[in-house]
Amino acid sequence: PFNVYDEMREQTPVRYDENRKCWDIFRYEDVQYVLKNPKLFSSQRNRANESMLTTDPPKHKQLRDLVNQAFTPRAIEALAPRIQEIADDLLAPHLATGQIQMVHDLATPLPVIVIAELIGVPSSDRERFKEWSDIQVKGAKNDSDEAFQELMVEKAKNHEELSSYFMNIMEQRRVLPEDDLISLLLAAEIDGQKLTDKEIVGFCILLLAAGNETTTNLITNAVRILAEQPQLQQQLREHPEMIQTAVEETLRYYPPIVAIGRVAKETVELGGQTIQAGDQVISWVGSANRDEQKFANADSFIPDRKPNQHMGFGFGIHFCLGAPLARLEGRVVLQTLLSHMDQIQLVPNTPLQPIQSAFVFGVKEY
Ligand code: HEM
């Protein structure tokens, strides 16, 4: 999509799309303006699934503060040895042949296992949990209405099962708290009020939905870049400290989430256009990340780019809660692959099929 964005930034940086009935914002400065003004551009688009992601201040901060402590860079860094162990275990069966199905064997299970442990899912339930998580983010088999309906029914049923599963763990943790997120949420209060069971379940499902597919795509997008640029592999082996900035550059260059939705609360002038209160607004961070006004050589992957104020994790009050975790997982996977494999390359003639979603950038399998 990136060359389309170039054209849009140039010709129609702020435009209304009659078909989709929404505004599209393409330049860095404008995208940043939208995301840093929650008073003008609300996140409350869909009341059915209320979560921190879809609430505005002041409720947003109350919700976010509940779980913040579990996601600080320091708290997350403590998970590094365990994440390394998981990455090693997932890679081990494939070292003999030297071949791995990146998406299926490593990039999908890793984030699911990490988040399951963080939430407090017992390891004996890991398989079942992974199935639920996969269904939660699954796309339809094909474009037909039937396939879509079928998927919706499957997802609703899945949501029920996942909810009653979390309810069950909650009952156990109420009696005997552990060092996990469910126990933390059970103890938490907002204005002296405990969270309801439904709110706690909602939190857990938000983390699954927000953290799994995105991190999978970060990993596969990063490894894809490595495979496309053999000299980069050597560079990172010689300068391991560059792995961290290379992960950051991946988030700029191939961001797993390319667009972020808001709804205008007031009439706003932006880029010479008038956005009316109630209008849907799509901020194309995938485009902002390639804006030459902000990034020199924006279309080049520069592994040690600094500064790198990309918006792959969004911007402002909703800036990704899981960013430290996603960064760590990305770093561990790249380190692990680079240290175990002399040459990372795609199996010849592997077609890279893009994931069919306007908001997501990633490939289905390789
Ligand atoms: C928010 C991207 C991984 C949890 C966001 C937003 C983006 C994003 C763009 C802002 C959405 C908005 O402004 O409306 C990503 C990417 C990831 C990733 C690219 C992986 C590379 C994770 C992980 C978790 C997570 C691992 C949790 C375990 C969340 C939550 C929010 C969020 C809870 C909402 C924060 C708020 O509303 O204050 N993420 N995310 N994300 N992310 Fe992530």
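Let's start at glutamate 146, which sits in helix α9, residues 145-175. Helices here are DSSP runs of H or I with at least four residues, strands are E runs of at least two, and both are numbered from the N terminus. This is a predicted model, so local features need pLDDT of at least 70 and side-chain atom pairs count only at pLDDT 80 or more, while totals for chains, interfaces and linings use all residues. Residues are numbered from 1 along each chain as its sequence is written.

Glutamate 146 counts as exposed because it has 10 C-beta neighbours inside 10 Å. The scale behind that label uses C-beta atoms placed from the backbone: a residue is buried if 20 or more other C-beta atoms lie within 10 Å of its own, exposed if 12 or fewer, and partly exposed in between. If you jump 144 residues along the chain from glutamate 146 to arginine 290, the C-alpha atoms are separated by 38 Å.

Now for the inside. In general, nonpolar side chains in soluble globular proteins tend to be buried together. A nonpolar core, as used here, is a set of buried Ala, Val, Leu, Ile, Met, Phe, Trp, Tyr and Cys residues joined through C-beta atoms within 7 Å. The largest such core has 57 residues, and the members touching the most other members are Leu110, Ile115, Ile119, Cys204 and Val333. Helix α11, residues 197-228, contributes the largest share of this core, with 12 residues. Take valine 333 as an example: setting aside neighbours within four places in sequence, it is in contact with Ala87, Leu106, Leu110 and Ile219. Contact means that the two C-beta atoms, placed from the backbone, lie within 7 Å. There is also a second, separate core of 26 residues, and Tyr5, Val31, Ala259 and Ile275 are among them.

Next, a helix pair. Two packed helices are described by the angle between their axes and the distance between the axes. Helix α5 (residues 80-91) and helix α7 (residues 109-119) pack at about 140°, with axes 10 Å apart. The axes are lines fitted to C-alpha atoms, for helices over the stretch in contact, and the angles run from 0 to 180 degrees between N-to-C directions. On the α5 side the contact uses Ile83, Ile86, Ala87 and Leu90, and on the α7 side Pro109, Leu110, Ile113 and Val114. By class, those contact residues are eight nonpolar, no polar and no charged. The classes work like this: Ala, Val, Leu, Ile, Met, Phe, Trp, Tyr, Cys and Pro count as nonpolar, Asp, Glu, Lys and Arg as charged, and the others, Gly among them, as polar.

What surrounds the ligand? Its shell holds 24 residues, and the closest are Gly211, Thr214, Gly314, Cys320 and Gly322. Helix α11 gives the most to the shell, with seven residues, and both α11 and α15 (323-340) supply at least two each. The shell divides into 15 nonpolar, eight polar and one charged residues.

One of those closest ligand neighbours, Thr214, also turns up among the contacts of proline 256, alongside Asn217, Leu218, Asn221, Val360, Phe361 and Gly362, leaving aside residues within four places in sequence. Proline 256 lies in the loop between α13 (242-253) and β6 (259-264). It is buried because 24 other C-beta atoms lie within 10 Å.

Over in strand β1, residues 14-17, you'll find valine 14. With 20 C-beta neighbours inside 10 Å, valine 14 counts as buried. Beyond residues up to four places away, valine 14 touches Trp23, Ile25, Asp30, Leu270, Gly271 and Gln273. Valine 14 and serine 283 are 269 residues apart in sequence, yet 9.6 Å apart in space, C-alpha to C-alpha.

Most residues other than glycine have a negative phi, and most peptide bonds are trans. Lysine 21, in the loop between β1 and β2 (22-25), has a positive phi of about 55°. Aspartate 191 has a positive phi near 50°, and its place is the loop between β4 (189-190) and β5 (193-194). As for the peptide bonds, proline 57 and proline 58 are joined by a cis bond with omega about 0°, and the bond from lysine 306 to proline 307 is cis with omega near -5°.

Definitions and conventions:
A residue is near a molecule or strand if its C-beta atom, placed from the backbone, lies within 6 Å of it.
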